[in-house]
There are 2 protein chains.
Amino acid sequence: MGVVRKTQSVSLVLDAFNAENKAISVIDLVERFSDKINKTTVYRVLDRLEDDGVLHSFLGVNGIKWYAPCKGCSEHKHTDVHPHFQCTDCGKIDCLNVDITIPNLPNREVAGAQVLIQGKCEACCN
Amino acid sequence: MGVVRKTQSVSLVLDAFNAENKAISVIDLVERFSDKINKTTVYRVLDRLEDDGVLHSFLGVNGIKWYAPCKGCSEHKHTDVHPHFQCTDCGKIDCLNVDITIPNLPNREVAGAQVLIQGKCEACCN
DNA sequence: TATATTAATGCAACTAAGTTGCAAATATAC
DNA sequence: GTATATTTGCAACTTAGTTGCATTAATATA
């Protein structure tokens, strides 16, 4: 899994994430590259980059998929379990560099967690 | 908003939630009542019950919508911000009666949070 | 550098969750 | 019992995401 060739599509997608160090929704990416990359290809490129630990994905409100650059993730160890913050005004999502504490759950085996905090972002607070 | 008449559809849906004190996915409900309630109606009944603070909704993995009974929610005050636990084996979701601590975020206005913990549930741990 | 090999792409058609408009049915209030 | 407003069913639609397959483009090898 995850044999990533440096194709044009891959470069374009990576450039987008490097330009703004933020989460980008798949919908946004598909729209943004609509004249350069096929929709299907966008989905597959993101898939591969996630497999390789370059990006990580999560769901925003309305179940829309978002991707953001990984920091300290490797192909087999996605330890990057941080919360995301989605602004209820502008809809943008940031990764938060905060550790969240998952409560101790007896008789259960916790594998991971997805935390989406909602509210007003820094820009929209003014 | 939220004028709920005690119709047959509403009763059927509420009975389902009373029978098993668990979260149920919309897909499950639509399927379960496919010969009794129209798909559109199921969606609308759930919508209304959420508006009235009887149920609350959240997203499971794959962005599928789930509903669960509210405890202590009212029409205007949805304080029921508890984490949900989805089993990676059987797919079922439980509401956890645990409070989660949202980290302090300077310059941001936190309105709420969605926490989905994933792992093996009690039944699947054996 | 040319060629073989394998991964990646585009396209079109599809699936599935959820929504909308509207006419008909059914609760509730009077 | 009748009027009024809510709720329902239906069919058609929207949108995110997927699949199969033939073509194209990277990489490895000679």
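These entries go from the ground rules to the interface, then to the strands and the sheet.

**Ground rules.** I am working with a predicted model, in which local features need pLDDT of at least 70 and side-chain atom pairs count only at pLDDT 80 or more, while totals for chains, interfaces and linings use all residues. Residues are numbered from 1 along each chain as its sequence is written, chains are lettered from A and ligands numbered from 1 in the order in which they are written, and side-chain values use heavy atoms, with hydrogens and water left out.

**The interface.** I started with who touches whom, taking contact as heavy atoms within 4.5 Å. Chain A brings 30 residues to the contact and chain B brings 30 residues. Together they bury about 2,400 Å², and 60% of that is on carbon and sulfur atoms; buried area here is the accessible area (1.4 Å probe) that two parts lose on being put together, summed over both.

**Symmetry.** How does chain A lie on chain B? I found that a turn of 180 degrees and a shift of 0.0 Å along the axis give an RMSD of 0.0 Å, the copies being superposed by least squares on the C-alpha atoms of residues with pLDDT of at least 70 in both. That is how a two-fold axis relates two copies. Both copies use the same surface, since 100% of the contact residues of chain A recur in chain B.

**Charges across the contact.** I counted salt bridges (a side-chain nitrogen of Lys or Arg within 4 Å of a carboxyl oxygen of Asp or Glu). I picked out A:Arg108 with B:Asp94, where the closest N and O atoms are 3.3 Å apart. A:Arg108 sits in the loop between strand 5 (93-95) and strand 6 of chain A and B:Asp94 in strand 5 (residues 93-95) of chain B, so this pair joins two chains.

**Strand 6.** Strands are DSSP runs (E, at least two residues), numbered from the N terminus, and two of them pair if DSSP finds at least two bridges between them. Strand 6 of chain A and strand 6 (residues 109-120) of chain B pair in the antiparallel sense over 11 bridges. Which residues of chain B face A:Ile117 and A:Gln114 there? A:Ile117 has B:Ala113 as its bridge partner, and A:Gln114 has B:Leu116. Within chain B, strand 4 (residues 84-87) pairs with strand 6 in the parallel sense over four bridges, and I noted B:Cys87 opposite B:Gly119.

**A sheet in chain B.** Last, I traced an open sheet of three strands in the order 1-3-2, with antiparallel pairing. Strand 1 (24-25) and strand 2 (55-59) of chain B stand at the edges with a single partner strand each, so one side of each has no neighbour in the sheet. Five bridges join strand 2 to strand 3 (residues 65-69) of chain B, and B:Leu59 stands opposite B:Lys65.
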